[in-house]
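Look over the structure first, then read on.

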Amino acid sequence: MTTTSDPTTALKTVGGPRVGLPHLLKMRRDPIGHNDLMRAKYGEVLKLNVFGTTLYACYGMDAAEQILINRDRAFVNGPAWSHFIGPFFHRGLMLLDNEEHLHDRRIMQAAFTNDAMRRYHAVMVPHIRSGLEAWADVENPRMYELFKDLTLDLALETFVGVELDRAEKDRINKAFIAAVRAGTSIVRANVPGTPWAKGLAARKVLEDFFFKNLPAKRRDGGDDLFAQLCTATSEDGEVFSDADIVNQMIFLLMAAHDTTTITMSSMAYHLARFPEWQEKARQEALAATDSYDSITACELQDRIMKESLRLCSPVPSLPRVATREVAVNGYRIPEGAFVTVSPFYSHFDPEYWPNPTHFDPDRFAEPRREDHGHRMAFHGFGGGVHKCIGMFFAGVQVRAIFHELLTTYRWSVPAGYEWPLDLVALPFPRDRLPVTLEKL
Ligand code: HEM
């Protein structure tokens with residue numbers, strides 16, 4: 001199917017069910033099967049009316065390329081993401097557009113250089129080691145919970161780098177979790193007791209915390225992300241204001257946390273279901289050391305991470321708003337419409353990923369390189385100017401954790417186990433992924 005952005009050519013009208021909510025619920029239960037059905041029935045763009053908003057779900061890799069690469073600036077992020085998470089993650093990088101986005105991205109890039117990665121890695125290694133050591137004493141371990149707690153603790157060390165007592169740590173963690181949860185609140189107003197209201201209160205706690213610690217951070221510096229943002233300078237000499245740093249820090253914590261937790265849970269799930277892959281990964285880890293150069297050279301782990309991301313995209317769908325009438329997949333999309341691209345769904349497209357439900361890290365190896373079948377074949381980290389800035393950071397953290405995990409424990413799930421994925425917001429296993437964890 002060719003894609004055109006010229007609205008003057010004859011365009012098809014987008015179809016879709018009259019009431020969208022039941023379909024949204026079916027999509028959450030069976031995202032691949034139900035989207036396949038909808039696509040076969042209505043075509044390459046589907047219109048859904050949900051929560052008072054009309055969404056245009058755009059199928060296929062060409063649409064993903066057109067919307068994410070966004071050559072003619074027909075789509076914007078700000079109004080789209082703000083609709084879901086705006087009040088809690090105000091002015092985060094992903095919510096900015098055009099010149100403002102470019103300005104902040106250039107400065108933030110300085111906190112994501114290779115040298116910075118090495119320093120974050122050095123900060124995280126001792127905490128990973130002590131964190132994983134404690135897993136041996138956990139009764140009824142649930143991998144998703146263990147990863148979530150570990151990433152939160154690591155975020156306080158590698159991102160925030162402020163000495164906190166237990167009570168203060170818990171307060172910040174709780175505020176942060178409430179801010180993330182608020183984005184999926186059904187009531188989207190400051191009504192007392194709702195996740196939305198709790199999220200707004202939590203945002204205030206986080207703002208106060210970062211503003212309070214900012215002067216010392218600017219003065220003393222450090223190897224954490226907070227300190228790096230204080231000194232980050234673009235090639236043109238631009239720096240962040242205090243308010244920018246606070247906004248970006250709150251957003252970064254959110255952008256990094258659930259995504260990394262879900263990625264590792266998916267890896268642990270697949271390696272538990274397919275122990276032969278777990279063993280291969282263990283052999284690679286045992287032959288490596290825990291140094292930065294050694295873990296980043298573990299190429300099988302890299303492929304396992306990618307394949308686990310393909311099978312469970314932590315950010316399942318990427319929303320945008322059309323700034324003018326535009327054509328996607330030959331369908332007319334009106335000005336101001338919400339469009340979405342779904343890496344979660346596209347990664348099961350059999351045209352690019354043969355036998356798509358099968359876990360097979362070799363898809364990413366030469367000569368197969370199924371990820372090269374289309375520019376957007378693999379877009380779990382997005383694409384275009386908003387492509388994830390933390391992609392390498394995530395890779396380093398995940399590999400540092402899996403190096404320790406694979407060389408310390410073996411884990412398994414009962415034969416035939418399949419995780420119950422909840423897809424209401426970001427995907428997560430409803431049972432938190434219970435495993436048997438055995439010390440090596
Ligand atoms: C495996 C883990 C991760 C996944 C799957 C992931 C996925 C994504 C995706 C899909 C986007 C694009 C959103 C869009 O286009 O609308 C994105 C953007 C972003 N991510 Fe990540 N992310 C991960 C980890 C991280 C980490 C660890 C950080 C920070 C340390 C981070 C920071 C960001 C930021 C700042 C943006 C916005 C970039 C921009 O708009 O220029 N992410 N991420």
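A charge counts as sitting over a ring if NZ of Lys or CZ of Arg is within 6 Å of the ring centre and within 35 degrees of the ring normal. K439 lies over the face of Y409, at 5.9 Å from the ring centre. The charged end of R310 sits over the ring of F348, 5.9 Å from its centre. The model is predicted.

**Aromatic pairs**

The structure holds 17 aromatic pairs. W277 and F359 form one that is edge-to-face, with 6.3 Å centre to centre and 90° between the planes. W277 belongs to helix α12, while F359 is in the loop between α15 and α16, so the pair ties together parts 82 residues apart in sequence. W277 and F359 are buried. Elsewhere, ring pairs link W135, F147, F402 and W411 into a cluster.

**Cavities**

The whole structure has three cavities of 30 Å³ or more. Two are set out here.

| Cavity | Volume | Lining by class |
|---|---|---|
| Largest | About 100 Å³ | nine nonpolar, four polar, no charged residues |

Which residues lie nearest the centre of the largest cavity? They are T151, A155, F159, A256 and H257, out of 13 lining residues. Helices α7, α11 and α16 each give two or more residues to this lining. α7 gives the most, with five residues.

The second largest cavity is lined by residues including H121, R129, D290, H403 and E404. α6 and α16 each supply at least two residues of that lining. The largest share, four residues, comes from α6.

How values were computed: Residues are numbered from 1 along each chain as its sequence is written. This is a predicted model: local features need pLDDT of at least 70, side-chain atom pairs count only at pLDDT 80 or more; totals for chains, interfaces and linings use all residues. Side-chain values use heavy atoms; hydrogens and water are left out. Rings of Phe, Tyr and Trp (its six-membered ring) pair if their centres lie within 6.5 Å; planes under 30 degrees apart count as stacked, over 60 as edge-to-face and the rest as tilted. Buried means under 20% relative accessible area, exposed over 50%, partly exposed in between (1.4 Å probe, protein chains only). On a 1 Å grid over the protein atoms alone, a cavity is a set of points where a 1.4 Å probe fits but cannot get out, and a pocket is an open set with protein on both sides within 12 Å along at least five of seven lines; lining residues have an atom within 4 Å of a point. Grid points are joined across faces, edges and corners, and a volume is the space filled by probe spheres set on the points. Ala, Val, Leu, Ile, Met, Phe, Trp, Tyr, Cys and Pro count as nonpolar, Asp, Glu, Lys and Arg as charged, and the others, Gly among them, as polar.
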